[in-house]
Amino acid sequence: MPLHDLHTELGAKTIAFGSFDVPLHYAGGALAEHTHTRVRASIFDLSHLGQFVVTGPERARALEELMPLDAIGLAPGRQRFSLLLTEDGGIQDDLIVANLGDRFFLTVNGARRVPVETLLSEGLAGDVEISALSRAYLALQGPFAESVLAELAPGISDLRFRDVREVAVAGVRCIVSRSGYTGEDGFEISAPADGAEAVARKLLEHPDTSMAGLDARESLRVEAGFPFLGKDIHFYASPVEAGLDWAISPLRRPGAPRAGGFVGAQAVFKQLSDGVGDRLVGLKPVGQTPVRGGSELYLDPQSEEIVGAVTSGIFSPTLGEPIAMGYVPAEIAAVGSRLFADVRGRRLPLDVVERPFVQHQFKR
Amino acid sequence: MRRFTEDHVWLLLCEERATVGITAVARERLGDVVLVELPEKGAELSKDDVVAVIESVKVAFEIAMPLDGTILEVNHRVLERPDLVNEVPEGDGWLFAMSPTNPNDIETLMDAIAYAKAST
């Protein structure tokens with residue numbers, strides 16, 4: 001990681017992720033980092049994520065062959081969330097596609113960096129090329145993110161949610177988007193590997209900032225109701241089941257001008273027309289005991305028939321109570337449905353609730 | 001006498017009463033504690049039964065009974081102040097006290113030196 005020295009100085013506890021040592025938390029602990037993100041502004045080093053540029057005259061069309069995205073209509077300076085599907089309509093990756101004018105800039109899950117590069121380089125036709133970037137990636141998230149960044153990047157306050165532009169941050173040329181995975185207002189900053197430490201240290205000079213790691217990122221995104229690849233979404237989850245069908249652009253749906261023509265289109269259209277068996281929902285355990293990912297779900301305390309499973313479950317620091325997400329049968333996916341989770345041999349009640357658990361603060 | 005288990009649980013035996021908690025090593029691995037679940041006073045449990053659960057934001061840490069025994073008392077303070085388990089896991093953050101069915105069984109657990117070696 002480009003910020004390795006900084007992590008060591010700040011007492012980071014790290015986890016090995018391929019060739020990266022990614023901070024889970026720093027000396028102050030994940031709970032403090034979580035809270036700090038909701039009340040001030042935290043800096044996350046996410047340099048393990050995959051960053052790519054796609055170039056060539058037909059790049060928009062080429063991306064549309066791979067994803068259910070409206071790339072042709074994506075204006076310069078804007079970005080969108082999209083999905084890479086399998087032929088069976090499962091989710092291979094969730095990613096961000098940004099239009100930088102002369103190229104597209106993609107940010108993908110760290111765990112999918114290599115497969116996505118292979119997939120894109122094989123799948124992009126003609127003169128369209130993809131190249132992997134070795135850059136750092138920082139997220140600045142929280143209610144004070146704008147005031148912090150505005151001191152180092154003039155004009156940044158003009159950005160609205162999902163705007164993206166190339167701008168100097170503390171004199172270093174970066175790609176900055178107004179976006180994030182915590183539910184808070186904030187920015188994501190792609191910086192050159194050799195300039196990233198200077199940017200991070202400059203951001204840290206501000207009294208309202210401190211570093212935060214992946215543990216806080218995880219609890220923040222669950223509170224925000226966002227699915228995580230590998231837990232809540234994966235190859236066997238369809239976008240319709242996962243509640244991510246909004247990412248299938250209206251222009252790519254049956255009957256629309258550029259319907260289909262992306263990997264997994266047939267399978268997804270069948271899911272949209274026929275419906276799906278399960279749905280990813282928010283779940284609220286009734287007591288104070290957290291219900292963790294992997295817990296099986298039942299319709300009543302005595303039943304032996306597993307009807308679903310929890311995929312993410314935490315104790316919410318913001319709410320002071322447990323929250324979870326999981327898959328339940330579509331017939332009982334309505335808010336208010338009561339289910340029972342197996343927790344250490346006991347059947348604990350929980351209810352289907354709306355997501356997010358903590359309201360989003362995006363500056364639209 | 002103080003002994004330890006492989007799961008980073010300490011046990012302090014004084015006459016027939018053994019106080020139990022987690023070690024600083026466990027605390028490091030756990031992160032911030034948000035909730036503690038303790039056994040019922042009077043419960044009779046066997047070695048390796050799940051006797052308590054320490055919840056961090058992300059994960060549940062199950063504490064196994066270090067020996068067969070009966071629960072004498074639980075530390076109510078950690079129910080209200082789970083952060084005590086973080087702050088002083090080997091002091092005020094103790095979890096419960098038990099009466100071992102066979103006090104001599106404590107000899108089967110690791111002493112401080114063996115535990116220190118096993119924890120590196």
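Begin by selecting residues 91–99 of chain A, strand E6: eight of its nine residues are buried, so this strand is largely enclosed by the rest of the structure. The model on screen is a predicted one.

**Chain A: the partners of E6**

E5(A) and E6(A) are paired in the antiparallel sense, with seven bridges. To examine one of these positions, display Ser82(A), whose bridge partner in E6(A) is Leu95(A). Then move to the hairpin of E5(A) and E6(A), where five residues lie between the strands. Gly89(A) in this hairpin takes a positive phi near 85 degrees.

Now select residues 104–108 of chain A, strand E7. E6(A) pairs with E7(A) as well, again in the antiparallel sense, over five bridges. Here Ala98(A) may be displayed together with Phe105(A), its bridge partner in E7(A). The hairpin of E6(A) and E7(A) has four residues between the strands, and Gly101(A) takes a positive phi near 95 degrees there.

While side chains are displayed, recall that in a regular strand they alternate between the two faces of the sheet.

**Chain B: an open sheet**

Turn to chain B and colour its six-stranded open sheet in the order E1-E2-E3-E9-E8-E5; the pairing is antiparallel. Strands E1 (2–4) and E5 (44–45) of chain B stand at the edges with a single partner strand each, so one side of each has no neighbour in the sheet.

Select E8(B), residues 69–74, which runs antiparallel to E5(B) and is joined to it by two bridges. Displaying Leu45(B) shows Gly69(B) of E8(B) opposite.

Key
Residues are numbered from 1 along each chain as its sequence is written. Chains are lettered from A and ligands numbered from 1 in the order in which they are written. This is a predicted model: local features need pLDDT of at least 70, side-chain atom pairs count only at pLDDT 80 or more; totals for chains, interfaces and linings use all residues. Side-chain values use heavy atoms; hydrogens and water are left out. Buried means under 20% relative accessible area, exposed over 50%, partly exposed in between (1.4 Å probe, protein chains only). Two strands pair if DSSP finds at least two bridges between them.
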